[in-house]
Amino acid sequence: MFYTDGMMQYPVRVERPDPLFARALQQAIGGVEGEIRVAMQYFFQACGARGNPKFRDMLMNTAAEELSHIEMLATAVALNLEGAPLSLKEDIAADPVAGAVLGGMNLKNLLSAGLSAMPVDSDGVPFDMSHIYASGNIAADMTANIAAESTGRTLAVRLYEMTGDPGMKDMLSFLIARDTMHQNQWMAALEELGGMEGVFPIPNSFPQSAEKQAFSYVFLGFQADGSEPPPGRWSQGKSMDGKGEFTSRPMTPLGQEPVLAPAPPGSGAQSEQM
């Protein structure tokens, strides 16, 4: 069950409306790095969380916070669109080039939403939920969440650098701070689950004795000339999960050339394929 009190989580103010920045902010709402993505990702992870209920509670609380961030950003989009022309003619009269694109704003915000935010990215493409990762494995989900918050924080930093509006910088500095917390939050959850040596490889419930262990910790090079793979921490020393030693070598074919049966009659293939 969810509650709302009509107040935003953090103040949102715009001193100089900017339709082009409103378009950029849409990426933080409906882009693959945006708040719709993380809100739905944490929500569905919470709904499917098994085991210690505190992980479900943590995920659900954070999902609710991300909904608050959608509200903040949607308000920021609307405030940045205030004063935008409702007619192409208004702007064209002053500047034909700028008027043709309404100062760079996404026309969907005008035509479909009446100068309001939408669940779309900066190009007007709707978020289709294809980037929601809720695997049912708590460690895999926490790892996915670190990546989600990392790309989200990167986007927020880029937006911060894009604007000179003091109100927008203040709001984005808050969102950047929350992304910092959430990155650390998911890493803390992984540590509580056992850290690198307890969590990885995911899923840790599968016995490693059943995998081809000769390939478990070897970095394979695929250079055509058979030269040694690029060296690094990934190719020598103890593995990150503490369960093996990194090595490296060029990869040589272990299988055979693929040979498929002839195409069956009626399959629409050429006669030479049958």
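This is a predicted model: local features need pLDDT of at least 70, side-chain atom pairs count only at pLDDT 80 or more; totals for chains, interfaces and linings use all residues.
Let me start with the place where helix H1 meets helix H3: on the H1 side the residues are Pro19, Phe21, Ala22, Leu25, Gln26, Ala28 and Ile29, and on the H3 side they are Ile70, Leu73, Ala74, Ala76, Val77, Asn80 and Leu81, where contact means heavy atoms within 4.5 Å. By class, this contact has 12 nonpolar, two polar and no charged residues; here Ala, Val, Leu, Ile, Met, Phe, Trp, Tyr, Cys and Pro count as nonpolar, Asp, Glu, Lys and Arg as charged, and the others, Gly among them, as polar.

Residues are numbered from 1 along each chain as its sequence is written, and side-chain values use heavy atoms, with hydrogens and water left out.

Back to the helices. The axes of H1 (residues 19-30) and H3 (residues 53-81) come within 8 Å and cross at roughly 165 degrees, the axes being lines fitted to C-alpha atoms over the stretch in contact, with angles running from 0 to 180 degrees between N-to-C directions. That angle makes H1 roughly antiparallel to H3, a label given to angles over 145 degrees, whereas those under 35 count as roughly parallel, 65 to 115 as roughly perpendicular and the rest as oblique.

H3 also packs against helix H8 (residues 166-193), at an angle of about 165 degrees and with the axes 12 Å apart, and this makes H3 roughly antiparallel to H8. From H3 the contact includes Phe55, Met58, Glu65, Glu66 and His69, and from H8 it includes Met171, Phe174, Arg178, His182 and Trp186. By class, the contact of H3 with H8 has 13 nonpolar, five polar and five charged residues.

Turning to the strands, an open sheet of three has the order E1-E3-E2, with mixed pairing, and its edge strands are E1 (218-221) and E2 (237-238), each of which pairs on one side only. E2 and E3 (residues 245-250) pair in the antiparallel sense over two bridges, and two strands count as paired if DSSP finds at least two bridges between them. Lys238 stands opposite Glu245 in E3.

How values were computed: Helices (H or I, at least four residues) and strands (E, at least two) are DSSP runs, numbered from the N terminus.
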